[in-house]
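Morning, everyone. I have one structure to walk through, and I'll keep it brisk. Here it is.

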Amino acid sequence: MLAIHEVRVGHGDAPAVLEGVSVTVEPGRILAVTGSSGAGKTTLLHTMAGVLRPRAGAVAIGGEPLRDRDHAVTREVVLVPQDNGLAPVLTAAENVHVALVARGVPPSEARRLTVEALGRVGLSGQADQLVDELSGGQQQRTAIARGLALRGAVLLADEVTSELDAGNRQRVLDLLREEAGRGAAVVFATHDPEVAAACEAELHLVDGRAEIRRAGKR
């Protein structure tokens with residue numbers, strides 16, 4: 001379970017971006033984080049991922065307070081960032097494979113999981129293309145494939161459908177549901193109201209504060 005309690009988060013000496021935000025995401029659930037540009041969606045996901053340390057409040061995974069990004073990785077918190085975080089000089093397959101090996105997956109198993117993950121997002125034919133040669137939507141799907149291959153206990157996805165057509169957007173939503181179906185807690189930041197409506201619950205950010213617009217389905 002991912003739990004955020006009364007967090008206040010800011011960047012450097014700037015005023016806080018988030019103030020008193022609390023939410024709990026249980027295993028097997030999908031939470032949409034919505035809000036206008038600059039509302040703090042990315043800041044919240046980076047706080048959940050241990051990239052940013054809150055000035056006040058706490059982030060906990062399974063009841064254990066999160067210390068930093070390294071600790072989050074050991075607790076299997078996977079972040080698919082908005083800028084995709086891919087190495088442009090590597091191929092799509094290499095980007096997925098390297099992440100798996102760094103997590104301790106044996107190379108042969110990493111190769112199998114890489115093929116499987118790229119196939120799930122419809123990129124089997126682009127596996128050996130450099131990231132720089134891929135379209136924006138293909139890069140987003142490569143980043144999603146990497147996140148899926150890591151099979152985290154928590155999956156945080158930041159605006160990962162912004163450059164996708166309707167068919168691939170639905171494919172990604174189905175894959176996120178599959179991740180929840182195997183027991184992951186999934187948090188999906190989006191500005192798209194149709195995408196948010198497909199999630200089980202919605203946390204809406206306004207002026208650094210949060211409101212639950214829809215309770216999770218039971």
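A helix has an expected span of 1.5 Å times one less than its number of residues. Helices (H or I, at least four residues) and strands (E, at least two) are DSSP runs, numbered from the N terminus. Before I use that, the ground rules. This is a predicted model, where local features need pLDDT of at least 70, side-chain atom pairs count only at pLDDT 80 or more, and totals for chains, interfaces and linings use all residues. Residues are numbered from 1 along each chain as its sequence is written, and side-chain values use heavy atoms, with hydrogens and water left out.

Now helix α4, residues 107–120. At 1.5 Å a residue, its 14 residues should span 20 Å, and the end C-alpha atoms are 20 Å apart, which agrees. Which residues of α4 are buried? Ala110, Leu113, Thr114, Ala117 and Leu118. Buried means under 20% relative accessible area, exposed over 50%, partly exposed in between (1.4 Å probe, protein chains only). These residues cover an arc of only 130° around the axis, so they sit on the same side of α4. That arc is taken from the directions from the helix axis to the C-beta atoms. Their cover includes α3 (92–102) and α5. Just after α4, Gly122 takes a positive phi of about 75°.

Next, the cores. A nonpolar core is a set of buried Ala, Val, Leu, Ile, Met, Phe, Trp, Tyr and Cys residues joined through side-chain atoms within 4.5 Å. The largest one has 41 residues. Leu100, Leu118, Val121, Leu155, Val160, Val186 and Phe188 have the most contacts inside it. Helix α5, residues 136–150, gives the most to this core: six residues. A second, separate core has 30 residues, including Ala39 and Val154.

Take Leu155. Contact means heavy atoms within 4.5 Å. Leaving aside neighbours within four places in sequence, Leu155 contacts residues including Val78, Val80, Leu148 and Val186.

On to strands. Two strands pair if DSSP finds at least two bridges between them. Strands β1 (2–9) and β4 (56–61) run antiparallel, joined by five bridges. His5 of the chain stands opposite Ala58 in β4. Two bridges join β4 to β5 (64–65), again antiparallel.

Glu76 is not a glycine, yet has a positive phi of about 60°. Glu76 is in the loop between α2 (69–74) and β6 (77–80). At 39% relative accessibility, Glu76 counts as partly exposed. Asp207 has a positive phi near 50°. At 75%, Asp207 counts as exposed.
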